[in-house]
Amino acid sequence: MRLVALLVFLVSGCSAKHGGHNWKYSTTTTTTTTTRKPGTGTSDKVKYPDRPHIIILMADDMGFDDVSFHGSSQILTPNIDALAYQGVILNRHYTPSVCTPSRSSLLTGMNPVHIGMQNFVIRTCDPYGLPLNLKILPQYLKPAGYRSHLVGKWHLGFARRAYTPTERGFDSFFGFLSGALDYYSHTTTDMDFVGYDFRRNLDITYEGLGNYTTDLFTDESIRIIRQHNTAVPLLLITTFNAPHAADGMRPFEAPQSEIEKLNYIPDPDLRTHAAMVTILDTSIGKIIKELDQKKMLSNSIILFYSDNGAPTRGQFATTGSNYPLRGQKDSPWEGGRRVNAAVWSPMMEVRHGVSNQLIYNSDWLPTFLAMAGTRPVRNLDGFNIWPTLQKNLPTPRQTIIHNIDPVEGYSSLYYKGWKYINGTTVGGMYDGWLSARSKYSNPIANNYADVVMASDTWKSLSPFALRRLTARSIKKIRKNARVICQPKIPYSIGCNPLFGPCLFKIIEDPCELNNLIKTFPLHALLMKIKLKKEKAKIVYPINLPRDVGCNPALYNGTFTWWLDLPPTTLPNTSLTPVTPTLPTFPTLPTLPTFPTLPTFPTLPTIPTIPTLPTFPTLPTPPTNTSTPPPFPGLPTLFPTVPTRPIDPFLANYYPNALLPVPVLIGPLSQPSPVNQILNSLTSATAGPPLLYQALTRAPATTNRPLISIFQPPMATTTTTTRSPLNIYQPVKIISGNFIRKLDEPTMEKFPESTQTSLISTSPYFADEESSGDGSFEEQDQPDENYIMIK
């Protein structure tokens, strides 16, 4: 059964890949294409427009819940919402999770893993760019007669001039080449280098310096539309940098007048972010209004979407919300890849609703080429989705390789409703549910439908509506666009992709709450096999380390294509930079001068102490080699102590400690000096003292020894001095564990510290039996006239 399922999986995967080249699904040499409905014997005729104007409006790092058509009332976006309601909300539109891969996918029609662009972004000082052997959208459309313009953010490399927009097919460029820009000073930062980055075509321009970039990009887009010859098809891509953070230190920038309109939001950062989104929404309304006034809407397609999800943590973090999705920008989760998107065209026969068809960023290039009547020069990863857009036919896409990144060490794959994740980014810092629906509602949200219908976009697009839309219609569409999380399933498990892969049934579980890797092991195996096949086809990331040669101080304070210019050459020497006039700040008052402190007298020099005379070395006394005579009667009682092995336990404290052996000391009635006996025993070991040393003898009246017991120092970083246990009464030691005061019948054990460190932990006392209360019972005790030392 598993073999059959595996064969079905592999065959379906191959057929899906073969079908991925859009031209199997549609023929673009004519204006009409026949597309068969899956599972039926009928077909619908798909009509293609005649070289329509293509308008792409892209937000930057906009959260899934930062538009109000997904249900949020904190930030109202009436113009974006009007475009969505008049057109179609693309509720399952996916992109790569960071800027550079997302833009490369849009312009090439390729998945970033197949062109080496899947690992992070091109930083300002990175000496590489989108590979020059790749043809991009304006180059494809030029033979069809299109005029192509890029306004806003590029972020596909500029280390060489050949990487820049006008060298790659765009007829004009107005914006910045790096990944982030200060909204007013138009500078960017990398490697502690701060430089100016704003251009018109190839030249640095200071026009608009000090003005808000979103307004500048809006005005330039309007100027292009106003001056365009409508008989010529237009490609206008406006890639706003809003609401992307300006940089890591100043993420939130907006005109104060707009911020003050949102005083219902108490958090100042959140309020500024909301102002950035509001200005972006107004700009989109202005651009669509200009298209209407230019009479271009009747043959246009307008696409709005965000390049990726919002970052709520890490570098360039904002207060953008991806609620209710998991994760954020630069992560394998839905919050970084499933973005808000809407498309409108009067040639779409199905509008005013929500589409749950699967769409990936790379699908737009082959779709636009099909509409323009041209073909790509290579096989693409994207699909022509115009039949899906026009008639809501099923999309041919069944697979999305979200990423296979051998540098970060993670991969993510979608296939036929299942999503497989193995590994993650930034040590899992972005793996949680990081966003929540804001509790701060715009006061005018109670009249939401009226606000949408009063927008510039609604007024421009409503004449092309297929049916009359009312406030009730808007409410219904908005409700259908909301994402509802699946409840927690009892048999699912948690997901930590750092410790093992995770499997989600992503259509039913869009919030990635229920990991089914254990419940569906066969599906997990099939996804693993398919991922392994895809890994064999990827191109290793082409990233290169930063190059300090980018330093703008070498190029008149600007970032430029430093690999093409020697450092002594200043670019754009024909241009005179316009330096903005900064306001003059009032002169600070002069601080009073403090009186000089008096000089203290010099202390007298201390006389040098004379060197003490060296005393002569004392002669070494001669060594006494004579053997002292033995004590009477001892030779029979004290045989020569045998050589004893090293004690592994005591070696922790004394490297040469020897294993103690039982020694029987003669009857106490015999007048033998016990201290000398024990000292003889100690010296006979040729090693350090035993655990127990007899330091002296008892008074003559008792004729019994006085014993002091010492504990070895513990092996710690702090030296602890421990006092010996002094027994000032006659004692008897039984097996080295117990002390019995001979004048008392009670049995006492060593102090707790001594017992813990020397007795209870020693393997040589393992044969002692415990009485259960922490003490030990005596066994085989000798006669009380003897002392047993162990």
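Which residues of helix 2 are buried?

A: The buried residues of helix 2 are Pro78, Asn79, Ile80, Asp81, Ala82, Leu83, Ala84, Tyr85 and Gln86. Here, buried means under 20% relative accessible area, exposed means over 50%, and partly exposed is in between (1.4 Å probe, protein chains only). Helices (H or I, at least four residues) and strands (E, at least two) are DSSP runs, numbered from the N terminus.

First, a word on the model. This is a predicted model, in which local features need pLDDT of at least 70, side-chain atom pairs count only at pLDDT 80 or more, and totals for chains, interfaces and linings use all residues. Residues are numbered from 1 along each chain as its sequence is written, and side-chain values use heavy atoms, with hydrogens and water left out.

Back to helix 2. It spans residues 78-86 and is mostly covered, with nine of its nine residues buried. Now look at Thr77. This residue lies in the loop between strand 3 and helix 2. Thr77 is buried too, with a relative accessible area of 0%. Its side chain makes a polar contact with the side chain of Asp81, at 2.8 Å. Asp81 is one of the buried residues of helix 2. A polar contact is a pair of N or O atoms within 3.5 Å; within protein, one must be able to donate a hydrogen and the other to accept it, and residues adjacent in sequence count only if both atoms are side-chain atoms.

Next comes helix 3. Ten of the ten residues of this helix (residues 99-108) are buried, so it is largely enclosed by the rest of the structure. Among them are Cys99, Pro101, Arg103 and Leu107. Gly109 follows helix 3 and has a positive phi, near 75 degrees.

Strand 6 is another covered element. Six of its seven residues (residues 147-153) are buried, so strand 6 is largely enclosed by the rest of the structure. In general, strands of a sheet pair through backbone hydrogen bonds, either parallel or antiparallel. Two strands count as paired if DSSP finds at least two bridges between them. Strand 6 and strand 12 pair in the parallel sense over six bridges. Gly152 stands opposite Thr239 in strand 12. Strand 6 also runs parallel to strand 7 (residues 172-176), joined by five bridges. There, His149 has Ser172 of strand 7 as its bridge partner.

Strand 5 (residues 93-94) pairs with strand 17 in the parallel sense, over two bridges. His93 stands opposite Ile359 in strand 17.

Helix 7 can be checked for its span. The expected span of a helix is 1.5 Å times one less than its number of residues. For the 26 residues of helix 7 (residues 268-293), that should be 38 Å; the end C-alpha atoms are 38 Å apart, which agrees. Asp267 caps the N-terminal end of helix 7, with a side-chain oxygen 3.2 Å from the backbone nitrogen of Asp269. Lys295 follows helix 7 and has a positive phi, near 60 degrees.

Some backbone details remain. Most residues other than glycine have a negative phi, and most peptide bonds are trans. Arg51 is not a glycine, yet its phi is positive, about 45 degrees. It is found in the loop between strand 2 (43-47) and strand 3 (53-59). Arg51 is partly exposed, with a relative accessible area of 32%. Asn556 has a positive phi as well, near 60 degrees. This residue is partly exposed, at a relative accessible area of 44%.

One joins Ala242 and Pro243, with omega about 0 degrees. Pro243 lies in the loop between strand 12 (234-239) and helix 6 (256-259). The bond from Tyr323 to Pro324 is also cis, with omega near 0 degrees. Pro324 is found in the loop between strand 13 (300-306) and helix 8 (334-337).
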